[in-house]
Amino acid sequence: MNPIEQGEHLLALKVMRLTRPTLVAPQVISCEPRDLPQFSLKQVLESEGTSIAGAETLAAGQFMLLPQSFGNIYLGETFSSYICVHNCTSHPVEGVTVKADLQSNNTRINLPMHENKTKPTILGADETLDDTIRYEVKEIGTHILVCEVNYNTPAGFAQYFRKFFKFQVLKPLDVKTKFYNAEMDEIYLEAQIQNITTGPFCLEKVELDSSDQYTVTSLNTLPNGESVFTSKNMLQPNNSCQFLYCIKPKPEIAKDIKALRAANNVGKLDIVWRSNLGEKGRLQTSQLQRLPFEYKDVRLEVIDALNIVKVGEPFTFTCRVTNTAERPMDLVVKLPTPIDFSCPYTGSAEFSLGVIDPGQYREFPLTICPSKLGLIKVTPLIFVNTLLQEQYTIEKVVDVFVVDTDYHEDESFQINKFVRYDNAAKLEDQSMQLQVV
């Protein structure tokens, strides 16, 4: 740190940043004995601090290098500094107090010092008053450490001086997110974290803290509980790592269409990393905003359907239609089946569900008879609101795999749940603002 000097005083103030050492490897440059620069290169290697006597041309490994400069400090890391006040005179100095403030673009924070000293200190000749301050930086940009020293001269006059130490706080991570609205109420979040520092760091924790309306399931682990990544998520500078999460609304929210539409806050990403030789940093993103569910007027859920059925045998599945509009509907269900050899199933239906109030639903069964083997798609399903003569078409209702009649009965049939809307899922890509927890 380079202070702005102010006048001559009885006391001297020194401020040093406390940071961990780095690792450095020797750079060995040698040549053939008959080459001219052999003696010059040998002298350079012998004078190199990382060389081993008698084995100057061998790179023995990495060495710890003490900090040579202030270095970089990143948002979310802890700023540590050693502050020392020294009596340079040959007589005692009374009434010595030291105060430190950290000033950013928006705030000014007092950093407590000498909390065990309730009264001003008397510094004898050549004595020192020192302390260590620590603060987790919470803003990006210019920061100024303001140190103020107060004391009394031998004549009893009060004196003080200040020194200012300026440094920059940099952004360590770049976080980008993408939201995917699934066909059900589920939301999938893809988070990409990029290391934009000058050195590698290890991601210790990346979790999504959900809001009160949602629950979160991490998709970054295998069924046995192991991470899909390596044991250490080490990111080199400019490298990225992707994380995936499944987000579901809580049952009481999922049942209320209006509440689901208003529940836009999904949660915050909590990121913890360690850089250099174990220095810890922690950040949270701002509140993540999901894409709104753009329901139109009706919502169809297939709540009971088999995955596998036999050809020529009737197949029944249960549907649930929800009125997501703000007005009552008198719905008529139509399952048109064309009389065509290319149609993979037979069976038509047309019946009334009656009046459904806003936010309410009605369940009903549908039956078809598959006539071809393989994967068949039941489509379309039409709803007609007889009150306003409105028609809604669901293009994709359910998929089912049709097998031969020789299929073994003891094979387990699986139950699926599907949700169909009269609108498509959407995608969002946004860069997130970072903040300290």
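Student: Where does Q389 lie, and what makes this residue count as exposed?

Tutor: In this predicted model, Q389 sits in the loop between β29 and β30 (390-394). Its relative accessibility is 62%, and exposed means over 50%, so Q389 is classed as exposed.

Student: Which loop holds D126, and what is its phi?

Tutor: D126 is placed in the loop between β8 (121-123) and β9 (128-136). Its phi is near 65 degrees, again positive in a residue other than glycine.

Student: How do you know whether D126 is buried or exposed?

Tutor: The relative accessible area of D126 is 57%. The cut-off for exposed is over 50%, so D126 is exposed.

Student: What makes the peptide bond between T379 and P380 cis or trans?

Tutor: Omega is about -5 degrees, and the bond joining T379 and P380 is cis. Most peptide bonds are trans. P380 is found in the loop between β28 (374-378) and β29 (381-385).

Student: Why is V400 called buried?

Tutor: V400 has a relative accessible area of 1%. Buried means under 20%, so V400 is buried. V400 belongs to strand β31 (residues 398-403).

Student: Which residues touch V400, leaving aside its neighbours within four places in sequence?

Tutor: V400 is in contact with L306, N307, I308, V309, F315, G374, L375 and I376. V378 is 22 residues from V400 in sequence, and their C-alpha atoms are 8.1 Å apart in space.

Student: What makes K205 and D270 a salt bridge?

Tutor: Their closest N and O atoms are 3.2 Å apart. A salt bridge needs a side-chain nitrogen of Lys or Arg within 4 Å of a carboxyl oxygen of Asp or Glu, so the pair qualifies. K205 lies in strand β14 (residues 201-210) and D270 in strand β18 (residues 265-275), so the bridge ties together parts 65 residues apart in sequence. K205, D270 and R282 are linked in a network of salt bridges.

Student: How do you know whether K205 and D270 are buried or partly exposed?

Tutor: D270 has 2% relative accessibility, which is under the 20% limit, so D270 counts as buried. K205 has a relative accessible area of 27%. That falls between the 20% and 50% limits, so K205 is partly exposed.

Student: Which parts of the chain does the salt bridge between D297 and R327 tie together?

Tutor: The closest N and O atoms of D297 and R327 are 3.2 Å apart. D297 lies in the loop between β20 (288-289) and β21 (298-306), and R327 in the loop between β23 (315-323) and β24 (329-335), so the pair ties together parts 30 residues apart in sequence. At 17% relative accessibility D297 counts as buried, whereas R327, at 28%, counts as partly exposed.

Student: What makes K396 and D399 a salt bridge?

Tutor: The N to O value for their side chains is 3.6 Å. The limit is within 4 Å, so K396 and D399 also qualify. D399 is buried, with a relative accessible area of 18%, and K396 is partly exposed at 36% relative accessibility. The structure holds 12 salt bridges.

Student: How many disulfides does the structure hold?

Tutor: The count is zero. A disulfide would require a pair of cysteine sulfur atoms within 2.5 Å. Among the cysteines, C241 is buried at 9% relative accessibility, and C246 is buried at 6%.

Student: Which residues have the most contacts inside the largest nonpolar core?

Tutor: They are L11, I83, L145 and L203, in a core of 55 residues. Strand β6 (residues 93-103) gives the most to this core, with five residues. The core draws at least three residues from each of domain 1 (11-18 + 68-74 + 83-161) and domain 2 (173-289). A second, separate core of 32 residues includes F317, V321, Y392 and V398.

Student: What share of the protein chain is buried?

Tutor: Buried residues make up 39% of the 437 residues. The secondary structure of the chain comes to three helices and 34 strands.

Notes: Residues numbered from 1 in each chain as written. Predicted model: local features only at pLDDT ≥ 70, side-chain atom pairs only at ≥ 80, totals over all residues. Heavy atoms only, no water. Core = buried A, V, L, I, M, F, W, Y, C linked by side-chain atoms within 4.5 Å. Buried < 20%, exposed > 50% of the residue type's maximum accessible area, 1.4 Å probe, protein only. Helix = DSSP H or I, 4+ residues; strand = E, 2+ residues; numbered from the N terminus. Domains from an automatic or database assignment. Contact = heavy atoms within 4.5 Å.
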